[in-house]
Amino acid sequence: MEETENSIPLAARQAPKKLEDFAGQPHLLGKGKMLRRLLEADMIKSAVFFGPPGCGKTATARYIASRTQAYTVELNAAAAGVADIKKVLTEAKERAQMPAFEQKRTLVILDEIHHFNKTQQDVLLPSVEKGDIILIGITTENPYFYINTALLSRFSVFEFKPLGNADLLKILHRAAETEHAQIDDDAAEFFITQANGDSRKMLNAAELAFVTTAPDKDGLKHIDLKIAQECIQRRHLNYDKKGDEHYDIISAFIKSMRGSDPDATVYWLARMLESGEDPRFIARRILICASEDVGLAEPAAIMIAQAAFSAAEELGMPEVRIPLAHAAVYVACCPKSNSAYLAIDSALQEVREGRYRPVPDHLRSGGKNRGYKYAHDFPNHYVKQPYMPQPKKFFEPGVLGKEPALIERLKKIKGE
């Protein structure tokens, strides 16, 4: 069935036809920048475009395809198999070996390249290396984690940034003009805010507004805030539980608790909960932070974190958000000490690499008959005796919260 103009999604119809139409990415497409120079000279080489959804990666690749003299093939790595790849590569090789006046380069646009496993990526390597194909891989993931080193070394890597509000407004106004629509400022702001930097998402919502709004007597479709809100019932958040965004957000959450910023802590917590993250996963991270980063400065932190973990085992959303927030904000507000964490790591290093220390006779099972002194039989429930051969200091106390009081007590009973 032949596609009509109206059957093509608005986001596809709005794809830039010339460099001046691109919004955002001035570090790549600004005058004098490397990618723009390659485009203008039709000298594009194999490359990876990576960045968040809806920031122009595919649009740029298709613009290159429209400008180059190469034969273009588009594949999606989530659906293509080794047989599909080999067929494309064989045809590309045949195309390159034709008589000079018929020779044509082959441009392969491979969307979601991070879905290809090592074997599939290895199939591409010889053809990229020999120049049988120009490969543009597109991915939302960090290519340094997902693409083989050998293949990546043959690529130029271009990072696309999320589109800013001004970029999205430019795209939205251009779309409204082509659709004979007028968008109120507050409606435009709503579309942009909900898009979260993703132009495709914004245009999909705007298209729904355009096609469901009747024109007025002047032929204009008036899009107000109410219509915009009806087109986006709930904001969609970028959050792949196996992707970079997942690890970036949990990292920001932990570092905000460690950095004593309760507002940032509860924001990243909300991002995870709204995106459907497993509350138990979050609770485990709070528990770790309570011990690793708060530690002896506030011993109660680990108990509150443990209570939140137990709640996560029993409760679902929306109720579980409350004990998780309780524990996370408490940990963020606590004084911090990593002395216990550093002590055990130092002791583990000594066990692995240092001298071997046998258990002293008086500390062994039945040691009372070998001179062991029972601490509770002495004043302050303390008695001086050796507990480790060739003693070595692993624990360096902190100076915040309740930890100094613990250390002061030790010094007092030891007479130091």
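Phe 22 is buried, at 10% relative accessible area. This structure is a predicted model. Its aromatic pairs number four. A search of the whole structure turns up zero disulfides.

**The pair of Phe 22 and Tyr 63**
- The ring centres of Phe 22 and Tyr 63 are 5.5 Å apart, with the planes at 85°, so this pair is edge-to-face.
- The pair links distant parts of the chain, 41 residues apart.
- Phe 22 sits in the loop between helix H1 (10–13) and helix H2 (26–29), while Tyr 63 belongs to helix H4 (residues 57–67).
- Tyr 63 is buried too, with 4% relative accessibility.

**The Phe cluster**
- Phe 49 and Phe 160 make a tilted pair, 5.1 Å from centre to centre and with 50° between the planes.
- Phe 49 is in strand S1 (residues 47–50), and Phe 160 is in the loop between strand S5 (156–159) and helix H9 (165–178).
- The pair therefore ties together parts that lie 111 residues apart in sequence.
- Phe 49 is buried, at 0% relative accessible area, and Phe 160 is buried, at 1%.
- Ring pairs join Phe 49, Phe 158 and Phe 160 in a cluster.

**A charge over a ring**
- Arg 95 places its charged end over the ring of Tyr 71, 3.9 Å from the ring centre.

**Cysteines**
- With zero disulfides found in the whole structure, Cys 333 is in none; its nearest cysteine sulfur belongs to Cys 334, 7.5 Å away.
- Cys 333 is exposed, with a relative accessible area of 52%.
- Cys 55 is buried, at 2% relative accessible area.

Terms used
Residues are numbered from 1 along each chain as its sequence is written. This is a predicted model: local features need pLDDT of at least 70, side-chain atom pairs count only at pLDDT 80 or more; totals for chains, interfaces and linings use all residues. Side-chain values use heavy atoms; hydrogens and water are left out. A disulfide is a pair of cysteine sulfur atoms within 2.5 Å. Buried means under 20% relative accessible area, exposed over 50%, partly exposed in between (1.4 Å probe, protein chains only). Rings of Phe, Tyr and Trp (its six-membered ring) pair if their centres lie within 6.5 Å; planes under 30 degrees apart count as stacked, over 60 as edge-to-face and the rest as tilted. Helices (H or I, at least four residues) and strands (E, at least two) are DSSP runs, numbered from the N terminus. A charge sits over a ring if NZ of Lys or CZ of Arg is within 6 Å of the ring centre and within 35 degrees of the ring normal.
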